[in-house]
Amino acid sequence: MEQSIANQPDFGTGHKKLSVYLVGLINCVILTIISFWVVISQHFSKSEILIIIYTAALVQFLVQVICFLRLNIQTNQSKINVMSILFTLVILITIVMGSLWIMWNLNYQMMH
């Protein structure tokens, strides 16, 4: 029995637990309801609504990464997983910000 556990590959995600999935599900549902309520209630200005929705989306992304993808830093493989996600985010931010910068400059050049 112990030999079969030792032969399993380490993906860095830890052991599956139902409680982690339930916590993630409940948090995601609450964050989604908050976003819908903010828009439907019309108690906030447009900029406040955008800030609340983007903050809820960012927190929901973190909840999904931690609870459903089980991203942690407990083993060497999980540290490699975290570094690859961070590298991917850096590349994505660079591409998106570079594209926005190019489009803004093209718009400025076309207008002047």
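Is Arg70 buried or exposed in this predicted model? Arg70 counts as buried, at 13% relative accessibility. Here buried means under 20% relative accessible area, exposed means over 50%, and partly exposed lies in between (1.4 Å probe, protein chains only). Residues are numbered from 1 along each chain as its sequence is written, and side-chain values use heavy atoms, with hydrogens and water left out. Because the model is predicted, local features need pLDDT of at least 70 and side-chain atom pairs count only at pLDDT 80 or more, while totals for chains, interfaces and linings use all residues.

Confidence was examined next. The pLDDT is the predictor's confidence in each residue, from 0 to 100. The chain averages a pLDDT of 89. A score of at least 70 is reached by 92% of the residues. Among the elements of the chain, helix α2 has the highest mean pLDDT, 95. The lowest mean, 59, belongs to helix α1 (residues 2-6). Where pLDDT is low, the predicted coordinates should not be read in detail. Helices (H or I, at least four residues) and strands (E, at least two) are DSSP runs, numbered from the N terminus.

A search of the whole structure finds three aromatic pairs. Rings of Phe, Tyr and Trp (its six-membered ring) pair if their centres lie within 6.5 Å. Planes under 30 degrees apart count as stacked, over 60 as edge-to-face and the rest as tilted. One of the pairs joins Tyr21 and Phe68. Their ring centres are 6.2 Å apart, with 15 degrees between the planes, so the pair is stacked. The pair links distant parts of the chain. Tyr21 lies in helix α2 (residues 18-41), and Phe68 lies in the loop between α3 (46-67) and α4 (76-111). The two residues are 47 residues apart. Tyr21 is partly exposed, because its relative accessible area is 26%. Phe68 is also partly exposed, at 32%.

Another stacked pair is formed by Trp104 and Tyr108. An α-helix has 3.6 residues a turn, so residues three or four places apart point the same way. Trp104 is exposed, because its relative accessible area is 54%. Tyr108 counts as partly exposed, at 40% relative accessibility.

Arg70 brings the account back to Tyr21. Arg70 is found in the loop between α3 and α4. Its side chain makes a polar contact with the side chain of Tyr21, at 2.7 Å. A polar contact is a pair of N or O atoms within 3.5 Å; within protein, one must be able to donate a hydrogen and the other to accept it, and residues adjacent in sequence count only if both atoms are side-chain atoms. The phi of Arg70 is near 50 degrees, a positive value in a residue other than glycine. Gln42 likewise has a positive phi, near 60 degrees, and is not glycine. Gln42 lies in the loop between α2 and α3. At 67% relative accessibility, Gln42 counts as exposed.

Buried residues in α3 are Ile49, Ala56, Gln60, Val63, Val65 and Cys67. They pack against α2. Contact means heavy atoms within 4.5 Å. Gln60 is buried because its relative accessible area is 19%. Not counting residues up to four places away in sequence, Gln60 touches Cys28, Leu31 and Thr32. The side chain of Gln60 also makes a polar contact with the side chain of Thr32, at 3.4 Å.

Two residues with C-alpha separations complete the description. Gln74 is placed in the loop between α3 and α4. Gln74 is exposed, with a relative accessible area of 68%. The C-alpha atoms of Gln74 and Gln8 are separated by 17 Å, and these residues are 66 residues apart along the chain. Ser84 is placed in helix α4. Ser84 is partly exposed, with a relative accessible area of 39%. The C-alpha atoms of Ser84 and Leu18 are separated by 26 Å.
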